[in-house]
Amino acid sequence: MSAVRHTGDRLALCTQGAEHLEGLRALLGGAAPPEMPAVRQALAATRALRGTASLIGLDAMQGFLGRLFQLLEEVESGQVPWSARLHAALQEAEEAERQFLTALEAGEVRPNVDALLDVELRLAAWRRQSAPQQSAWRSICLCKGQRQTL
C-alpha cells in the first residue's frame, strides 16, 4: 500500500471517527438517559468505524470498538440499563478514542494505543461482572414463560 493511500485511509477514518465521537457525545450530553434512536445511531456508527479500522489494520482500535459495540448493543436491548457507571464508561471511551484520533490525524505513524487497550479491558471486565446478572434475568424470563432473548 502506498504511503499516500495509507495516509488517505487514515484521514478518512479520522473523519468517520469525528462523526462517531459526536454520536457518543450525544449520548452523554443530557442529564436523562438518551433516547433509543441516539443509542441506535451510536451503535451503527460504532459498527461502521470498527469496519474501517479493521480494513486499514488498526487492530487496537478495532478491538476497542468491538467492546464498545457490545456494550451499546446491550444498552439497546435493555440488558444494561443507563446508569452513572455506564455514563462514566462511555465518557472514558470517548476520551480514549478522541486522543487516538487526534494523534492519527496529526500524522503519528504509530499512535499510542494504551488508553484504547485500557478502556477495552475495563469494558471486557464490565461484561464479565454483569454476566451473572444477565444470566439471572434470562432465567427469570424463562421461568415466567417469556420468549425474550436478552
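**Figure 1. Contacts across the whole chain.** Among contacts (heavy atoms within 4.5 Å) between residues at least 6 apart in sequence, 70% join residues at least 24 apart. This is a predicted model, in which local features need pLDDT of at least 70 and side-chain atom pairs count only at pLDDT 80 or more, while totals for chains, interfaces and linings use all residues. Residues are numbered from 1 along each chain as its sequence is written, and side-chain values use heavy atoms, with hydrogens and water left out. The protein has five helices and zero strands, where helices (H or I, at least four residues) and strands (E, at least two) are DSSP runs numbered from the N terminus. The order of elements from the N terminus is α-α-α-α-α. Of the 150 residues, 37% count as buried; buried means under 20% relative accessible area, exposed over 50%, and partly exposed in between (1.4 Å probe, protein chains only). The accessible surface comes to about 8600 Å², and 54% of this surface belongs to carbon and sulfur atoms. Such areas come from the Shrake-Rupley method with a 1.4 Å probe, and for residues only the protein chains shown count as cover.

**Figure 2. The largest nonpolar core.** A nonpolar core is a set of buried Ala, Val, Leu, Ile, Met, Phe, Trp, Tyr and Cys residues joined through side-chain atoms within 4.5 Å. The largest one has 34 residues, and Leu13, Leu58, Met61, Leu68 and Leu90 touch the most other members. Two or more residues of this core come from each of helix H1 (3-28), helix H2 (36-55), H3, helix H4 (84-105) and helix H5 (114-143). Which residues does Leu90 touch, not counting residues up to four places away in sequence? They are Leu27, Leu28, Leu68, Leu71, Leu72 and Trp82.

**Figure 3. Helix H3 from end to end.** Helix H3 covers residues 59-77, and its 19 residues should span 27 Å at 1.5 Å a residue. The expected span is 1.5 Å times one less than the number of residues in the helix. The end C-alpha atoms of H3 are 27 Å apart, which agrees. Among the buried residues of H3 are Met61, Phe64, Leu68 and Phe69, and also Glu74. Gly78 follows H3 and has a positive phi, near 90°.

**Figure 4. Helix H4 from end to end.** The 22 residues of H4 should span 32 Å, and the end C-alpha atoms are 31 Å apart, which agrees. Buried residues of H4 include His87, Leu90, Glu94, Glu97 and Phe100. After H4 comes Gly107, whose phi is positive, near 95°.

Figure 5. His20 is part of helix H1. Is His20 buried or exposed? His20 counts as buried because its relative accessibility is 1%. The side chains of His20 and Glu97 are joined by a polar contact of 2.7 Å. A polar contact is a pair of N or O atoms within 3.5 Å; within protein, one must be able to donate a hydrogen and the other to accept it, and residues adjacent in sequence count only if both atoms are side-chain atoms. Leaving out residues up to four places away in sequence, His20 touches Ala42, Ala45, Thr46, Leu49, Leu65, Leu68 and Glu97.

Figure 6. Side chains of opposite charge can pair when their charged atoms come close. The structure holds four salt bridges, each a side-chain nitrogen of Lys or Arg within 4 Å of a carboxyl oxygen of Asp or Glu. One of them joins Arg25 and Glu94 (3.0 Å, N to O). Arg25 is in helix H1 and Glu94 in helix H4, 69 residues apart. Arg25 is partly exposed at 39% relative accessible area, whereas Glu94 counts as buried at 10%. Another joins Arg40 and Glu76 (3.2 Å, N to O). Arg40 lies in helix H2 and Glu76 in helix H3, so this pair ties together parts 36 residues apart in sequence. A further salt bridge joins Glu92 and Arg122 (2.2 Å, N to O). Here Glu92 belongs to helix H4 and Arg122 to helix H5, 30 residues apart. Glu92 is partly exposed at 28%, and Arg122 is partly exposed at 43%.

**Figure 7. Leu116 and its contacts.** Leu116 lies in helix H5 and is buried, with a relative accessible area of 1%. Leu116 and Ala60 are 56 residues apart in sequence, and 6.9 Å apart in space from C-alpha to C-alpha. Apart from neighbours within four places in sequence, Leu116 is in contact with Ala60, Met61, Phe64, Ala96, Glu97 and Phe100.
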